Every structure is written in structure tokens, then in C-alpha cells.
Amino acid sequence: MIGIQPACLLQEFGEFLADQMGLHFPQERWSDLERGLQFASREFGFENTDKCIRWLLSAPLSREQVEILAAHLTVGETYFYRDKKTFEAFEGRILPELARLRRGGGQCLRIWSAGCCSGEEPYSIAISIRKVLADIKDWQVTVLGTDINPRFLRKAEEGVYSEWSFRDASPGLREAYFEKTGNGQWEILPEIRSMVSFLHFNLASLDSP
């Protein structure tokens with residue numbers, strides 16, 4: 001059920017978000033959109049969400065507006081090695097073949113993790129590369145993680161995670177590639193952190209990072 005905003009206004013704003021930010025809110029998720037907009041409106045300085053939406057619709061979104069909306073409208077659901085079958089294919093077939101084709105040449109690998117959220121995916125990729133490439137020291141490896149939500153990226157750059165981020169990880173992953181902190185969290189080791197960089201990026205924009 002739609003609350004504060006008329007359905008037509010939410011639909012118009014949902015289409016605007018898809019165009020400007022690549023975020024998709026079908027009708028069954030309009031309640032989530034409205035809830036996030038209520039928080040975003042307050043941060044923008046509006047008490048009336050309807051007025052805030054019309055203000056946002058009046059012109060293309062600025063970077064600041066995109067960042068604030070992303071903070072309230074994106075969901076940070078992720079963990080290490082989230083899609084195990086994908087990583088099995090990456091470690092077992094894709095990465096060995098890439099290494100075979102490039103070994104003896106420039107020996108450079110560049111991998112882009114788009115929509116990286118709080119960093120678990122790109123760090124998982126970096127760990128996989130380190131596991132597979134025995135001659136890792138002879139390679140130039142760059143894993144780029146991008147996300148539209150700058151608050152997610154700040155957490156990713158810190159590289160510190162709670163037990164929840166390891167809920168489906170293989171036994172021994174934390175002990176091998178992380179160091180336990182004083183408050184019971186786990187910090188990524190420097191040799192893995194150095195392989196990964198992060199950048200704020202809107203996938204709906206025309207240019208690649």
C-alpha cells in the first residue's frame with residue numbers, strides 16, 4: 001500500500017532513479033522506496049517528502065544528491081565468497097586460463113567488481129588470485145571495487161569485518177587472510193588490501209571508471 005506519495009509520483013520518481021542511478025524499484029518495492037525517501041528527505045532538509053521528490057525531479061541529480069539517495073536506497077547485503085559456484089569457476093577455470101594466456105608477457109591482471117558494496121566481493125577476488133597464482137610476486141594485479149554508495153565504500157576501505165561477513169566462508173579463511181582485532185572483528189591483511197582499490201562510481205553514467 002502506498003502511504004504519503006501518490007502512486008503516479010512514486011512511479012515517476014522510480015523511473016527517474018533508474019535513468020539517473022541505475023536503481024530499479026518495481027511496484028512491489030514502492031514501500032521500500034518510500035521508506036528510504038523519508039530518511040533522504042530529512043537529510044536534504046525537507047520535512048515534506050512529496051516536496052523533496054518534486055525538487056529532485058526538477059533537474060538531473062548532482063553527485064551530492066546521488067550519494068545521499070544511494071545511502072538510503074541501496075541495500076548492503078553481502079559476505080565473503082557469496083556465490084560459491086562463481087568463485088569455484090573463477091579459481092578452477094577462468095583464472096588459470098587467464099594466467100596461462102598472459103604468463104611470460106606483461107603478466108598484468110585487472111578485475112572490476114561493480115556494485116562492490118562494503119568490499120567483501122573484491123577482497124574475495126583478491127584472495128582467490130593469491131591462492132591460485134603461485135608466482136603472484138611476478139604479477140601486476142589490480143582489483144577495482146566500485147559502488148554508488150560512498151558509505152559502503154568507506155567501510156570497504158577500512159577492511160574490517162564482523163563474524164557475519166564470514167557466515168558462508170570456508171573454514172580457515174579468516175585465520176589465513178585476516179587478523180583478529182581487539183574488539184572481536186577481523187581486519188584484512190595488508191598483502192590482500194594492497195591488491196584492491198575502491199572508487200565511487202555510478203553505473204548509470206556513460207563513462208567507465
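Student: Which elements each supply at least two residues of the lining of the largest pocket?

Tutor: α5 (84-102), α6 (120-132) and β2 (140-147) do. Helices are DSSP runs of H or I with at least four residues, strands runs of E with at least two, numbered from the N terminus. This is a predicted model, with local features needing pLDDT of at least 70 and side-chain atom pairs pLDDT 80 or more, while totals for chains, interfaces and linings use all residues. Residues count from 1 along each chain, and side-chain values use heavy atoms, without hydrogens or water.

Student: What makes Arg35 and Asp32 a salt bridge?

Tutor: Their side chains meet at 2.9 Å, N to O. A salt bridge needs a Lys or Arg side-chain nitrogen within 4 Å of an Asp or Glu carboxyl oxygen, so this pair qualifies. Arg35 and Asp32 sit three residues apart in helix α2 (residues 30-44), so about one helical turn separates them. They also join Arg29 in a network of salt bridges.

Student: Why does Arg35 count as partly exposed?

Tutor: Its relative accessibility is 44%.

Student: Which parts of the chain does the pair Arg103 and Asp135 link?

Tutor: Their side chains form a salt bridge at 3.0 Å, N to O. It links distant parts: Arg103 is in the loop between α5 and β1 (108-114), and Asp135 in the loop between α6 and β2, 32 residues apart. Arg103 has 41% relative accessible area, so it's partly exposed.

Student: How many salt bridges are there in the whole structure?

Tutor: A search finds twelve, including Arg193 with Glu187 at 3.1 Å, N to O.

Terms used: Buried means under 20% relative accessible area, exposed over 50%, partly exposed in between (1.4 Å probe, protein chains only).
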